[in-house]
Amino acid sequence: MVAVWAALVALGTAVLPGPMPPGPVPAPVEQLRVQVLASYPHDRAAYTQGLEIHDGMLYESTGLYGQSDLRVVTPRTGTVRQRLALPDTVFAEGMTIVGGRIWQLTYREEFAFLRDRATLAEVRRVGYAGEGWGLCHDPVRRRLVMSNGRPELVLRDPTTFQVRSAVPVTLDGQPLPYINELECVDGQVWANVWLTDRIVRIDPDTGIVNAVVDAAGLLPESEQGNVDVLNGIAAVPCTDTFLITGKLWPQTFLVRFVSTVGDNIDAPARAGASGPG
């Protein structure tokens, strides 16, 4: 009997799992700041909701009921080259270009416009549930990435606008809501965070924020009257720079996102920096 009991104890000991090895340590969130290279005029009446550069021109979707539009702008001068006013019952949101088409979101109307890029004319409307905030196109993975105010990114088909999946977004393990305007760059998503001066970089496959940009202090105090929040990110093609602005801001800024490691003083704006248009 003693032998049987010893055998059972030995068997139990053999199958008991040992301590679990520690899991992978999450990579630290990269801390970045904005290095201003140049600034350009921006329409103070433009309530910027979406921003994107294509063929040297700046495409901008603006919001508010009775004021929403889609416009094509010369980046360096702020001159509006083309403009399409939306119905007064529509509050426009983010937009993105897919080939010869433009997808433009609406805030609470629960549909997206598909437009002809050359004329801005409406081709059709596609419905969706909930709010529309930001939108960008990832051509490598052939998908749209959409935000809706919740702590998630919604991945959609670029042709049909149908949902493929939704990815929860977290910063330091916590849900990150109010993800606003989006820009897809090299498989990552740069995003404004509403009501803050932060821009975050998100891995859209995992939803993990892997970088945070401090974009505070762009506007001088003399230009801060009657402006709204930072919103609008447009990558300048074939460079590591971006155009960023805000709702009702008088300027757009050509910037580079640089590390804060070893920071001491902000780099001054550089005259003649390479920029769009």
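A salt bridge is taken here as a side-chain nitrogen of Lys or Arg within 4 Å of a carboxyl oxygen of Asp or Glu. The structure is a predicted model, in which local features need pLDDT of at least 70 and side-chain atom pairs count only at pLDDT 80 or more, while totals for chains, interfaces and linings use all residues. Residues are numbered from 1 along each chain as its sequence is written, and side-chain values use heavy atoms, with hydrogens and water left out.

Side chains of opposite charge can pair when their charged atoms come close. The structure holds 14 salt bridges, and among them is the one between R143 and D138, whose closest N and O atoms are 3.6 Å apart. Both R143 and D138 are buried, where buried means under 20% relative accessible area, exposed over 50%, and partly exposed in between, with a 1.4 Å probe and protein chains only. D138 also meets R141 in a salt bridge, at 3.5 Å from N to O; the relative accessible area of D138 is 4%, whereas R141, at 34%, is partly exposed.

R141 in turn forms a salt bridge with D205, with 3.3 Å between the closest N and O atoms. Because R141 lies in the loop between β10 and β11 (143-146) and D205 in the loop between β18 (198-202) and β19 (209-214), this pair ties together parts that are 64 residues apart in sequence. D205 counts as partly exposed, at 43% relative accessibility.

Strands (E, at least two residues) and helices (H or I, at least four) are DSSP runs, numbered from the N terminus. In β21, 6 of the 6 residues are buried, so this strand is largely enclosed by the rest of the structure. In a regular strand the side chains alternate between the two faces of the sheet. From β21, T241, L243 and T245 point one way and F242, I244 and G246 the other way.

Two strands pair if DSSP finds at least two bridges between them. Strand β20 (residues 230-235) runs antiparallel to β21 and is joined to it by 4 bridges, with I244 as the bridge partner of I233. These two strands form a hairpin with 5 residues between them, and C238 in its turn has a positive phi of about 65°. On to β22, β21 is again joined by 4 bridges in an antiparallel arrangement, and F242 stands opposite V255. The hairpin of β21 and β22 has 4 residues between the strands, and there L248 takes a positive phi near 70°.

Grid points are joined across faces, edges and corners, and a volume is the space filled by probe spheres set on the points. The largest pocket has a volume of about 680 Å³, and of the 32 residues that line it, E183, C184, V185, D186 and A235 are the closest to its centre. Strands that each supply at least two residues of this lining include β10 (135-138), β16 (179-185), β21 (241-246) and β22 (251-259).

Methods
On a 1 Å grid over the protein atoms alone, a cavity is a set of points where a 1.4 Å probe fits but cannot get out, and a pocket is an open set with protein on both sides within 12 Å along at least five of seven lines; lining residues have an atom within 4 Å of a point.
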